[in-house]
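Please examine the sequence and the structure shown here, and keep both at hand while reading the account below.

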Amino acid sequence: MDFTLEVIPLPVTDIDRARDFYRDKVGFHVDIDQEVMPGMRIVQLTPPGSGCSIALGESIWEMTPGPTPAPGSYQGLQLCVADIKAAHAELVERGLDVSEPVQYSPDDGATFMHFQDPDGNGWAVQEYRRRATEPLHQLLADLKRQQA
């Protein structure tokens, strides 16, 4: 049985402000923005090319056991790109306050840049050049066929 990570609820103070930020500044696609049941509005956004989305909603935390995380408390969320210089240029063009890329070693996967959403949730963007020729979804599909 496959268990895929497809949605991460993200704690924010203002759903509209967060939706606009992720859509306009980061370039995520708005998949859902509606009241899914009385009193429960969900906004789900997906990064381009990703199989995992973020979900914003005030009532979303009532459906999960455990404490409600504070807005801005998520750190280390990570996006991967094949070309970090091109990604940096695109994000700056969109008006995002993003750090300059830092290469920690010449190895693939060792270059990062960072940004925060309006609440302070922290994101890293990792350059993984291999994804240009080997998209993760294709690698996983090939692996599944090999195991069958």
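The following paragraphs treat the annotated region, the sheet, the nonpolar cores and the aromatic residues in turn.

The model is predicted. In an unreviewed entry, the UniProt annotation "domain: VOC" covers residues 4-128.

An open sheet of four strands may be traced in the order β5-β8-β7-β6, and its pairing is mixed. The edge positions belong to β5 and β6 (102-103); each has a single partner strand, so one side of each is left without a neighbour in the sheet. Between β5 and β8 the pairing is parallel and extends over five bridges. Within the sheet, valine 81 is placed opposite glutamate 127 of β8. Helix α2 packs on the sheet, where it touches β5, β7 and β8, and its direction makes about 20° with that of β7.

The largest nonpolar core comprises 24 residues, and those with the most contacts inside it are Tyr22, Val26, Leu56, Phe115 and Trp123. Two or more residues each come from α1 (15-25), β3 (40-46), β4 (53-56), β5 (77-81), α2 (84-93), β7 (111-116) and β8 (122-127). Of these elements, α1 gives the most, with four residues.

Which residues does valine 26 contact, leaving aside its neighbours within four places in sequence? They are Phe21, Leu79, Leu91, Arg94, Leu96 and Phe115.

Two of these contacts, Phe21 and Phe115, lead on to the aromatic residues. The structure holds seven aromatic pairs. In one of them, phenylalanine 21 and phenylalanine 115 are tilted, at 6.4 Å centre to centre with 45° between the planes. This pair links distant parts of the chain, since phenylalanine 21 belongs to helix α1 and phenylalanine 115 to strand β7, 94 residues apart. Both phenylalanine 21 and phenylalanine 115 are buried.

Phenylalanine 115 also pairs with tryptophan 123: the ring centres are 6.0 Å apart and the planes stand at 5°, so this pair is stacked. Tryptophan 123 is buried, as is phenylalanine 115. One aromatic cluster is formed by Phe21, Tyr22, Phe28, Phe115 and Trp123. Among its members, Tyr22, Phe115 and Trp123 are also listed with the most contacts inside the largest nonpolar core.

Technical notes:
Residues are numbered from 1 along each chain as its sequence is written. This is a predicted model: local features need pLDDT of at least 70, side-chain atom pairs count only at pLDDT 80 or more; totals for chains, interfaces and linings use all residues. Side-chain values use heavy atoms; hydrogens and water are left out. A nonpolar core is a set of buried Ala, Val, Leu, Ile, Met, Phe, Trp, Tyr and Cys residues joined through side-chain atoms within 4.5 Å. Buried means under 20% relative accessible area, exposed over 50%, partly exposed in between (1.4 Å probe, protein chains only). Contact means heavy atoms within 4.5 Å. Two strands pair if DSSP finds at least two bridges between them. Axes are lines fitted to C-alpha atoms, for helices over the stretch in contact, and angles run from 0 to 180 degrees between N-to-C directions. UniProt positions are given in the numbering used here, feature names are shortened, and annotations may be inferred rather than shown by experiment. Rings of Phe, Tyr and Trp (its six-membered ring) pair if their centres lie within 6.5 Å; planes under 30 degrees apart count as stacked, over 60 as edge-to-face and the rest as tilted.
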